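Visitor: I have a model open and would like to go through its fold. Could you take me through it?

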Amino acid sequence: MPPTARRVDLLLVADMVERGARVLDVGCGDGALLELLERERGVDGRGIELSREGVNSCVARGLSVIQGDADTDLGAYPDDAFDYVVLSQTLQATRHPRQVLEQMLRIGRRAIVSFPNFGHWRIRLQVGFAGHMPVTPNMPFAWYDTPNIHLCTIRDFVSLCEKADIVMERSFALDAGGSRVRVDAPWWIWNLFGAQGVFLLRRGGVPARRP
């Protein structure tokens, strides 16, 4: 992923988090986002990461991170343990995306999710005209060694939120260069030109309120 695109993604996530909030970063990788949140937003941050290498990198940064699997280990956390649960560029690598989202919104008052958009026009061209699975800056792996098992489009994600009674409080699409797609654009424009989607979510039936 280009550094600029990744930086915008992280900054957008950080901007959605209230200062001093309790945050769980699921699939936190090397800890770059969690470190940003602690430094810039003063959060009480925790992380869970599947890879031992990622956990080691986080610990080296001084972060509180444990090794665990989003698909199986979120159930161990109590209800409303966090103000925010973050899943950055990891949803597509989970085995049960809907269950993961529902667990995130059980243990957190809000969830923040970002993911690569499989509906982006470059991906459509690679599949439709080149006839092969796409390789892009947001999805840099070949089909035979990718960790991604549930790729989705922005439109797919919005439909899932509607089916699961999940409220989208804020949403953004980023183009391949890391710039925001026009905020007031309809969903089909985001689905075509957005290389990534970033969403702030809360449970349906729960009144909006500040953490």
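Predicted model: local features only at pLDDT ≥ 70, side-chain atom pairs only at ≥ 80, totals over all residues.

Visitor: How many helices and strands does the protein chain have?

Guide: The chain has eight helices and seven strands. Helices (H or I, at least four residues) and strands (E, at least two) are DSSP runs, numbered from the N terminus.

Visitor: What share of the residues counts as buried?

Guide: Of the 211 residues, 47% are buried. Buried means under 20% relative accessible area, exposed over 50%, and partly exposed in between, with a 1.4 Å probe and protein chains only.

Visitor: And what part of the contacts joins residues 24 or more positions apart?

Guide: Such pairs make up 67% of the contacts with a separation of 6 or more. A contact means heavy atoms within 4.5 Å.

Visitor: Now the sheet. What is the strand order?

Guide: The order is 3-2-1-4-5-7-6, in an open sheet of seven strands with mixed pairing. Two strands pair if DSSP finds at least two bridges between them.

Visitor: Which strands stand at the edges?

Guide: Strand 3 (65–67) and strand 6 (166–174) do; each has a single partner strand, so one side of each lacks a neighbour in the sheet. On average, neighbouring strands are turned by 15 degrees against each other, direction ignored.

Visitor: Which pairs run parallel, and over how many bridges?

Guide: Strand 2 and strand 3 are parallel over three bridges, with glycine 47 and valine 65 as bridge partners. Strand 1 and strand 4 are also parallel, joined by four bridges, and there leucine 24 stands opposite valine 85. Six bridges join strand 4 to strand 5 in parallel, where tyrosine 84 faces arginine 110.

Visitor: Where does the antiparallel part come in?

Guide: Strand 5 and strand 7 pair in the antiparallel sense over six bridges; phenylalanine 115 has glycine 197 as its bridge partner in strand 7. Strand 6 and strand 7 are antiparallel too, with eight bridges, and methionine 168 stands opposite leucine 201.

Visitor: Is strand 4 enclosed or open to the outside?

Guide: Seven of the seven residues of strand 4 are buried, so it is largely enclosed by the rest of the structure. In strand 7, seven of the eight residues are buried, so that strand is largely enclosed as well.

Visitor: Back to strand 2 and strand 3. What packs there?

Guide: Strand 2 and strand 3, the parallel pair with three bridges, are both touched by helix 3 (residues 52–60), whose direction makes about 165 degrees with that of strand 3. Angles run from 0 to 180 degrees between N-to-C directions, and axes are lines fitted to C-alpha atoms, for helices over the stretch in contact. Helix 5 (residues 97–107) packs on the sheet against strand 1 (22–26), strand 4 (82–88), strand 5 (108–116), strand 6 and strand 7 (196–203), and its direction makes about 145 degrees with that of strand 5.

Visitor: Changing topic: what is the volume of the second largest pocket?

Guide: The second largest pocket holds about 280 Å³ of space. Its lining has 16 residues, and the closest to its centre are Gly27, Leu50, Asp69, Thr90 and Ala93. Strand 2 (44–49) and helix 4 (70–73) are the elements that give two or more residues to this lining.

Visitor: How is a pocket defined here?

Guide: On a 1 Å grid over the protein atoms alone, where a 1.4 Å probe fits, a pocket is an open set of points with protein on both sides within 12 Å along at least five of seven lines; lining residues have an atom within 4 Å of a point. Grid points are joined across faces, edges and corners, and a volume is the space filled by probe spheres set on the points.

Visitor: Which residues other than glycine have a positive phi?

Guide: Aspartate 80 is one of them, with phi of about 55 degrees; aspartate 80 lies in the loop between helix 4 and strand 4 and is partly exposed at 35% relative accessible area. Glutamine 89 is another, with phi near 60 degrees; glutamine 89 sits in the loop between strand 4 and helix 5 and is buried at 15%.

Notes. Residues numbered from 1 in each chain as written. Heavy atoms only, no water.
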